Amino acid sequence: MTSTRGGSSFHSGLLLGVETSCDETSVAILDHEGAVHSNLIASQIERHRPFGGVVPEIASREHLRHLMPLVTKAVSDAGATLDDISAIAVTSGPGLIGALLVGVAAAQALAWGRRLPLYPVNHLEGHIVSPYLNRAGAATPMPGRYLALVVSGGHSSIYDVRPRSEVPVAVINRTRDDAAGEVFDKVAKFVGFPYPGGPHVERASQDAAGSRFSFPVAKLKDGSFDFSFSGLKASAIRLARVEGLEGAGAESVSPDLAGFCKGFQAAIVEQLIDRLDAVWRAVSNESARPTELAIAGGVAANGALRDAVLEWGSAHGVVVRLPEKIFCTDNAAMIAFAAMVLGERAADPARVTARSRFQPGTRFP
Ligand code: KG4
Ligand code: ZN
């Protein structure tokens, strides 16, 4: 089995990235400076919307339909041919197992057939590095150490990141129950917004001058940095029922619904900032302390969160890196980039597997 440290294979040629962990099929081409030459995303949201969430069987079939045409188009959009590709990176987990298998099998076949190194990449590590990607030009230089907050439909965690080191990613906290995006989606569904609800909540709250509603922000008493959103979800749903807002957003956004959304969104943002602040205070006395804070994942597209994090960063003198919106959502550019900068190891294509559970920071043997 080959075992090449990430980086050494990337000095020449192009890197092809493949992402199929959930409901976006994506293929990207990056060069050795992390410049994105193409990043194509086929979203399946319309196919899943009638069911109010992602249907795994539909996701797998959609990936099968879109993946190889996207590979062909990504290569030609980059002005390249398959001969210019020198390595392949693929999301091997975590995610929906049937969806992951489509990308992994395609990447295995390409790597095997063309004798290229194959890098299995953790999807969350892709999100962790995504704020350093630029739509135009080389990637932003990464600091020796930074904190990354990843908030998506399935995950809410803060990571301690040391690019190109022996231990590039350590998990600092996690959510004890629901993920931030999941709570956005569930509460949004209850008030009548289509899936995925997060962007609808954001849009509705922009119509509100203020909010007369108040929501609980969980503070854990055991000194833990963990998130907990299930109490907020339950209280938001209870309040929406009492206020007659159940299903209301399917028609139009009333001033009451706008205010409700504004207060609910503010409670999510407040908890995220509270934990960031606590983690930052805990690590800021260390000698090689983190110097930057990066926010990533689908919820990082939220304007209220972006504003709050920028404000927090300027109050604390911390450089804040926000991903361009195209890199918030699931995409293959971040997967290829993670293979380059987080010390991923190339593996024998025959031994790479799809893994529905995959802890960030762990590596294939
Ligand atoms: O990272 P992502 O595209 O997929 C994974 O879950 O991996 O994240 C999707 C999540 C959904 O829960 C969606 O509602 C949420 O990100 N989201 C937002 C916004 N845009 C996407 N939540 C709040 N405000 C937004 N603008
Ligand atoms: Zn994701």
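Visitor: How far is a nitrogen atom of ligand 1 from an N or O atom in the side chain of E202?
Guide: This is a predicted model, where local features need pLDDT of at least 70, side-chain atom pairs need 80 or more, and totals for chains, interfaces and linings use all residues. Residues count from 1 along each chain as its sequence is written, chains are lettered from A and ligands numbered from 1 in the order written, and side-chain values use heavy atoms, without hydrogens or water. Look for a polar contact, a pair of N or O atoms within 3.5 Å. Between the nitrogen atom of ligand 1 and the side chain of E202, the distance is 2.7 Å.

Visitor: Which residues are closest to ligand 1?
Guide: Count a residue as near if one of its heavy atoms lies within 4 Å of the ligand. That gives 20 residues around ligand 1, and the closest are G153, D185, E202, G298 and N302.

Visitor: Which elements give two or more residues to the shell around ligand 1?
Guide: Elements here are DSSP runs: helices (H or I) of at least four residues and strands (E) of at least two, numbered from the N terminus. The ones to look for are α4 (123–129), α5 (180–190) and α6 (198–206).

Visitor: Why does ligand 1 lie between domain 1 and domain 2?
Guide: Domain 1 covers 14–135 + 329–351, and domain 2 covers 171–321, with bounds from an automatic or database assignment. Ligand 1 lies between them because its shell takes residues from both domain 1 and domain 2.

Visitor: Which residue is joined to Y195 by a cis peptide bond?
Guide: Look in the loop between α5 and α6. The omega of this cis bond is about -10°, and the partner of Y195 is P196.

Visitor: Where is P94?
Guide: A cis peptide bond joins P94 to G93, with omega about -10°. To find P94, go to the loop between β4 (85–93) and α3 (97–114).

Visitor: What is the phi of R115 near?
Guide: You will find R115 in the loop between α3 and β5 (118–122). R115 is a residue other than glycine, yet its phi is positive, near 55°.

Terms used
A polar contact is a pair of N or O atoms within 3.5 Å; within protein, one must be able to donate a hydrogen and the other to accept it, and residues adjacent in sequence count only if both atoms are side-chain atoms.
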